[in-house]
Amino acid sequence: MKIKRNKTHYSGSLNRIRGFTIIEFLVASALGIIVLIAVGSGYFTTQRLNDVALARLNVQQDLRNASNLIVRDARMAGSFGCFSLANSDATINSNDGAEPLTLSGGFAGVTGNQTSGVKLMRDPTVFNDINGFQALASDTPVLLFQYGVGSASVTTGSGGELTINQQSGDVLAHVNNNMPLIISSCLVLDRPSSFSVSGGNISNISPALSTAHNPGEMSIMKYAVNAYTLGQVAGATPGLYRFQLNDQGSWDGPELLIKDITGINILFGYVNNCGTTTESFTFVEDPHTDPAAGQPALLHIRLLAEDGEQALVASAENGTTDSAGSLNIYNIDTTIRGGNVCADR
């Protein structure tokens with residue numbers, strides 16, 4: 001059986017297969033390049049916007065963290081257990097016979113009265129060369145907070161010896177001979193200059209503890225001092241730094257809170273005319289030295305950055321630009337415990 005195969009015949013013109021002409025190829029290439037440029041431009045624009053948004057979020061996060069630290073310190077300032085520096089009946093016995101905040105190592109130019117846990121220092125050079133730190137200027141203000149941390153009680157023994165009733169995890173669980181200590185009851189505070197520690201016992205306390213202590217109220221705490229100032233480390237970008245008094249009675253290394261900060265303005269608010277219809281607040285650049293003025297009730301801090309940082313932080317909370325061109329990137333306002341004597345808080 002023969003199978004017939006169909007044969008198809010093409011004309012000569014149909015046998016020729018046509019490709020792209022050079023003009024069509026160039027047009028298609030140009031269109032492709034335009035599309036790629038548009039896609040690439042969109043990608044890089046989106047990436048830049050994302051980087052700016054992340055930078056702003058980081059700045060705002062740093063600002064919030066710094067604000068939280070300052071607010072916490074302000075609300076703790078002057079508090080040593082049931083003892084408060086703002087209490088007008090309080091008695092302070094420290095190693096220099098004056099105020100608790102006169103530590104070895106130098107605190108020249110500290111302003112603020114004896115009954116205040118918040119003070120200001122105009123000489124930041126005391127922190128110079130601590131882990132490479134350098135203050136931005138010799139007159140950059142330093143904001144200081146002092147209070148007690150820890151919750152251990154003490155039992156008095158013969159000869160002025162104290163036994164610490166230590167609690168697990170308390171800051172005094174590892175007390176040493178150099179740790180700055182505060183020993184207080186509700187109306188009396190002692191800050192000894194020297195003592196000996198053996199186990200949980202403290203002896204050879206100098207100067208001797210006040211006899212006005214109520215033994216049932218006595219507690220012992222680590223003396224905490226936190227300082228905020230502007231500077232830079234090893235030529236890095238300037239910023240707001242925090243220093244803490246450590247367990248050896250010296251300063252820990254600088255902790256960078258916010259970079260690119262080059263200016264700081266601090267105002268202390270005092271309440272006036274208690275018990276009248278004209279009760280008001282007065283803000284000053286230097287805290288009062290008169291003990292009768294008590295502790296400031298409010299604290300206003302303005303952080304400033306150079307013009308070059310405006311694009312980065314323009315959207316930061318409370319951000320404005322002043323007449324000098326510096327960017328006011330953040331205002332920190334907080335109350336201070338015990339400062340509002342009119343409201344007794």
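Modeller: A contact means heavy atoms within 4.5 Å. In the protein chain, residues 24 or more positions apart account for 61% of the contacts with a separation of 6 or more. The model is predicted: local features need pLDDT of at least 70, side-chain atom pairs count only at pLDDT 80 or more, and totals for chains, interfaces and linings use all residues. Residues are numbered from 1 along each chain as its sequence is written, and side-chain values use heavy atoms, with hydrogens and water left out.

Biologist: How many helices and strands does the protein chain have?

Modeller: Helices (H or I, at least four residues) and strands (E, at least two) are DSSP runs, numbered from the N terminus. The protein chain has two helices and 20 strands.

Biologist: What percentage of the residues count as buried?

Modeller: Buried means under 20% relative accessible area, exposed over 50%, and partly exposed in between, with a 1.4 Å probe and protein chains only. Of the 345 residues in the protein chain, 39% count as buried.

Biologist: Which residues form a disulfide?

Modeller: A disulfide is a pair of cysteine sulfur atoms within 2.5 Å. By this rule there is one disulfide: C82 and C186, with their sulfur atoms 2.2 Å apart. The pair links distant parts of the chain, 104 residues apart, with C82 in the loop between β1 (79-80) and β2 (83-84) and C186 in the loop between β9 (181-184) and β10 (188-191). The torsion about the S-S bond of C82 and C186 is about -115 degrees, so the disulfide is left-handed. C82 counts as partly exposed because its relative accessibility is 42%; C186, at 22%, is partly exposed as well.

Biologist: How is a pair of aromatic rings described?

Modeller: It is described by the distance of the centres and the angle of the planes. Rings of Phe, Tyr and Trp (its six-membered ring) pair if their centres lie within 6.5 Å; planes under 30 degrees apart count as stacked, over 60 as edge-to-face and the rest as tilted. A search of the whole structure finds seven aromatic pairs. The rings of F145 and Y228 have centres 5.9 Å apart and planes at 85 degrees, so this pair is edge-to-face. F145 belongs to strand β7 (residues 142-156) and Y228 to strand β13 (residues 219-233), 83 residues apart.

Biologist: Are F145 and Y228 buried or exposed?

Modeller: Both F145 and Y228 are buried. Elsewhere, F127, F133, Y241, F243 and W251 form one aromatic cluster.

Biologist: Which residues have the most contacts inside the largest nonpolar core?

Modeller: In soluble globular proteins, nonpolar side chains tend to be buried together. A nonpolar core is a set of buried Ala, Val, Leu, Ile, Met, Phe, Trp, Tyr and Cys residues joined through side-chain atoms within 4.5 Å. The largest one has 30 residues, and those with the most contacts inside it are L143, F145, L240, F268, L299 and L303. Its largest share, six residues, comes from α1. Beyond four places in sequence, L240 has contacts that include A66, Y228, I264 and L303. Apart from this core lies another, of 21 residues, among them V110, F133, Y223 and Y241.

Biologist: Where does P124 lie?

Modeller: P124 is in the loop between β5 (118-121) and β6 (133-135). P124 counts as buried because its relative accessibility is 0%. Beyond four places in sequence, P124 is in contact with residues including A135, D139 and T229.
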